[in-house]
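Open the model in your viewer and keep the sequence panel at hand. This tour tells you what to select at each stop and what you will find there.

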Amino acid sequence: MTYKDLQQAAESRRSVYALNKNLPLTNQGVTDIVEHAVLHTPSSFNSQSTRMVVLFGAEHEKLWELTEGALREVVPAERFEPTAQKMAMFKAAAGTVLFFEDQKVIRGLQEQFPSYADNFPVWGEHANAMNQYAVWTTLASADIGANLQHYNPLIDDAVAREWEIPKDWKLVAQMVFGGIAAPAAEKSFTPVNERVKVFGI
């Protein structure tokens, strides 16, 4: 593998919303990708505070049914149709990865290193984001589409009850994945020279 291969993988990672249940890998193959990411993604102080739950099939569909139920309580019925369509789109995918941060680990680090106490929740979010990116990019390299959602904290309690999530796990994001039914939309880019400064060459 060359650095160009890594760059190509990064370019292939896009938000794909038109997904289906036809995965090019087995469920175990997807699980292997998630497990590899959680093992090999860096974290501050080697905290390893990121946690993930992978939902396939009926369990995945259940997530989006309970999310729809939670949203019906806060979105007016006369304006709910676009939300219902969005939930159906997510439900049509093959699975979802739930990303959590273990607050017990964060608290332990805060107690052990009080000088950095305010930083550990932020650094935990950084590690979680890197795990999200690692999973997403690897899925893309396997021709699996994905998009990232954030229905927390609206669904936190329901998710914790349904899948017996430990009380210290804080839900951070939901990554919907599946076979690619239609490619991602065109992407626009802010010029690189407006975002990167280089000195000394």
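## Stop 1: a loop and its polar contact

Select Asn46 and Gln48 to begin: their side chains are joined by a polar contact of 3.3 Å. Keep in mind as you go that this is a predicted model.

Asn46 sits in the loop between helix 2 and strand 2, and Gln48 is found in that loop too, between helix 2 and strand 2. Are these residues buried or exposed? Asn46 counts as exposed, at 53% relative accessibility, while Gln48 is partly exposed, with a relative accessible area of 47%.

Now check the backbone of Gln48. Its phi is near 50°, a positive value in a residue other than glycine. Most residues other than glycine have a negative phi.

## Stop 2

Which residues does Phe45 touch, leaving aside its neighbours within four places in sequence? Show Leu109, Phe113, Tyr116, Phe120 and Trp123, which are in contact with Phe45. Phe45 itself is partly exposed, with a relative accessible area of 38%.

For a distance check, draw a line from the C-alpha of Phe45 to that of Glu81. The two residues are 36 apart in sequence, and the line spans 46 Å.

Next, select Thr41, in the loop between helix 2 (27–40) and strand 2 (50–56). Thr41 has 14% relative accessibility, and the limit for buried is under 20%, so Thr41 counts as buried. Look along its side chain, which reaches the backbone oxygen of Ala37 at 2.6 Å. Beyond its neighbours within four places in sequence, Thr41 is in contact with Ala127, Met130, Asn131 and Ala134.

## Stop 3: helix 2 against helix 6

Two packed helices are described by the angle between their axes and the distance between the axes. The crossing is right-handed.

To see where helix 2 meets helix 6, show these side chains:

- from helix 2: Val30, Ile33, Val34, Ala37 and Val38
- from helix 6: Asn131, Ala134, Val135, Thr138 and Leu139

Colour the contact of helix 2 with helix 6 by class and you get 8 nonpolar, 2 polar and no charged residues.

## Stop 4: helix 1 against helix 6

Ala9, Ala10 and Ser12 in helix 1 meet Tyr133, Thr137, Ala140 and Ser141 in helix 6. The residues of this contact divide into 4 nonpolar, 3 polar and no charged.

Then move to the loop between helix 6 and strand 4 and select Asp143. Its phi is near 65°, a positive value in a residue other than glycine. Asp143 counts as exposed, at 55% relative accessibility.

## Stop 5: a cis peptide bond

Follow the chain to the loop between strand 4 (145–149) and helix 7, where you will find Pro153. What is the peptide bond from Asn152 to Pro153? The bond is cis, with omega near 5°. Most peptide bonds are trans.

## Stop 6: helix 3 against helix 7

Finish by selecting helix 3 (residues 57–72) and helix 7 (residues 156–163). Their axes come within 10 Å and cross at roughly 150°, and helix 3 and helix 7 are therefore roughly antiparallel to each other. Their crossing is right-handed.

The contact uses Glu59, Lys62, Leu63 and Leu66 of helix 3, together with Ala158, Val159, Glu162 and Trp163 of helix 7. Sorted by class, the contact of helix 3 with helix 7 has 5 nonpolar, no polar and 3 charged residues.

Definitions and conventions
Residues are numbered from 1 along each chain as its sequence is written. This is a predicted model: local features need pLDDT of at least 70, side-chain atom pairs count only at pLDDT 80 or more; totals for chains, interfaces and linings use all residues. Side-chain values use heavy atoms; hydrogens and water are left out. Helices (H or I, at least four residues) and strands (E, at least two) are DSSP runs, numbered from the N terminus. Buried means under 20% relative accessible area, exposed over 50%, partly exposed in between (1.4 Å probe, protein chains only). A polar contact is a pair of N or O atoms within 3.5 Å; within protein, one must be able to donate a hydrogen and the other to accept it, and residues adjacent in sequence count only if both atoms are side-chain atoms. Contact means heavy atoms within 4.5 Å. Axes are lines fitted to C-alpha atoms, for helices over the stretch in contact, and angles run from 0 to 180 degrees between N-to-C directions. Angles under 35 degrees count as roughly parallel, over 145 as roughly antiparallel, 65 to 115 as roughly perpendicular and the rest as oblique. A crossing is left-handed if the near helix is turned anticlockwise from the far one by less than a right angle, and right-handed if clockwise. Ala, Val, Leu, Ile, Met, Phe, Trp, Tyr, Cys and Pro count as nonpolar, Asp, Glu, Lys and Arg as charged, and the others, Gly among them, as polar.
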